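Take a look at the structure below. This report starts with an annotated site and then turns to one helix.

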Amino acid sequence: MRRKLLAGNWKMNGHRAEATALARDLAARLASGEGGCEWAICPPFPLIGTVAGAIQGSYIAVGAQDCHSAPSGPHTGDVAAPMLADMGCAYAIVGHSERRRDHGETDEVVRAKAEAAQASGIAPIVCVGETQSQREAGETEAVLARQVETSVPEQPVAGLAVAYEPVWAIGTGLTPTSDEIAAALASIREVLARRFDSATAERIRLLYGGSVKPANAAELWRIDGVDGLLVGAASLSVERFWSIGRSCPDS
Ligand SMILES: O=C(CO)COP(=O)(O)O
């Protein structure tokens, strides 16, 4: 059984005071409640230390939103996976569509980043997803297959997750239907089953991300094949993020 994962991607938002308050509040709620899923917060780089401090001793993990593929070196402005491990990161999102768009990251680059994360003991959350025009052209399955084939490392570590985030569903309030999400996740699973031995393929969690909010979370958790949710805007509010986590059927 794959334990469900709820990960909050704060993107380029937050400052120390509010980050501390949110992380502490969430940690306190989890300490007194029954958080059935695994919880993770992925703040921007400058807030990782702040969040890691605030959640220390709690069940919440901290993650990063990216990492460089090299362990160190002349890469001004970049952050290496060993640094993130040193800060206590358990996860690193790689290949988010906003990074693919803003920084021209290819599937090959994403895979190198995922491998670098793994080499530092960090579980990558590898993001894939089709654009609106690819969906309209009936290319969703082919796009996902290509992305999963190339972006996921040859030897995925135990905690690796693949996040299905349709580009057109991110920050738009739009979501695919439950059937569309189930079909996309099934097609991703097929590729994983082809690429890896069954034990390896089976332990990879598949997350859904894109306009997840308290109002649709319960339905999303129940979709066949959903092992977790990757939440953007709604993870910036402790009430909304908490509500999404509490609607996990494992809670
Ligand atoms: O990109 C996302 C998470 O990585 C989703 O963002 P929203 O939840 O804001 O649509």
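Which residues does the UniProt annotation "active site" cover? According to that unreviewed entry, they are His-96 and Glu-165. These residues span 70 residues in sequence, yet no two of their C-alpha atoms are more than 8.3 Å apart, so they gather at one spot. Keep in mind that this is a predicted model.

| Residue | Loop between | Other C-beta atoms within 10 Å |
|---|---|---|
| His-96 | β4 (89-94) and α4 (97-103) | 28 |
| Glu-165 | β6 (161-164) and α8 (178-195) | 26 |

A residue is buried if 20 or more other C-beta atoms lie within 10 Å of its own. His-96 is therefore buried, with 28. Glu-165 is buried too, with 26.

Now the contacts, leaving aside neighbours within four places in sequence. His-96 is in contact with Gln-65 and Cys-127. Glu-165 also touches Cys-127. Among its other contacts are Ser-97, Gly-129 and Leu-230.

α8 has 18 residues. From first C-alpha to last it reaches 26 Å, close to the 26 Å expected at 1.5 Å a residue.

Which residues of α8 are buried? They are Ile-181, Ala-184, Leu-185, Ile-188, Val-191 and Leu-192. Seen down the axis of α8, the buried residues fall within an arc of 115°, so they line one face of the helix. The cover over these residues includes α7 (140-151), β6, α9 (198-203) and β7 (205-209). The face turned away from the buried side carries the exposed residues Asp-179 and Arg-194.

Technical notes. Residues numbered from 1 in each chain as written. Predicted model: local features only at pLDDT ≥ 70, side-chain atom pairs only at ≥ 80, totals over all residues. UniProt positions renumbered as here; feature names shortened; annotations may be inferred. Helix = DSSP H or I, 4+ residues; strand = E, 2+ residues; numbered from the N terminus. Buried ≥ 20, exposed ≤ 12 C-beta atoms within 10 Å, placed from the backbone. Contact = placed C-beta atoms within 7 Å. Expected span 1.5 Å × (residues − 1). Arc of directions from axis to C-beta.
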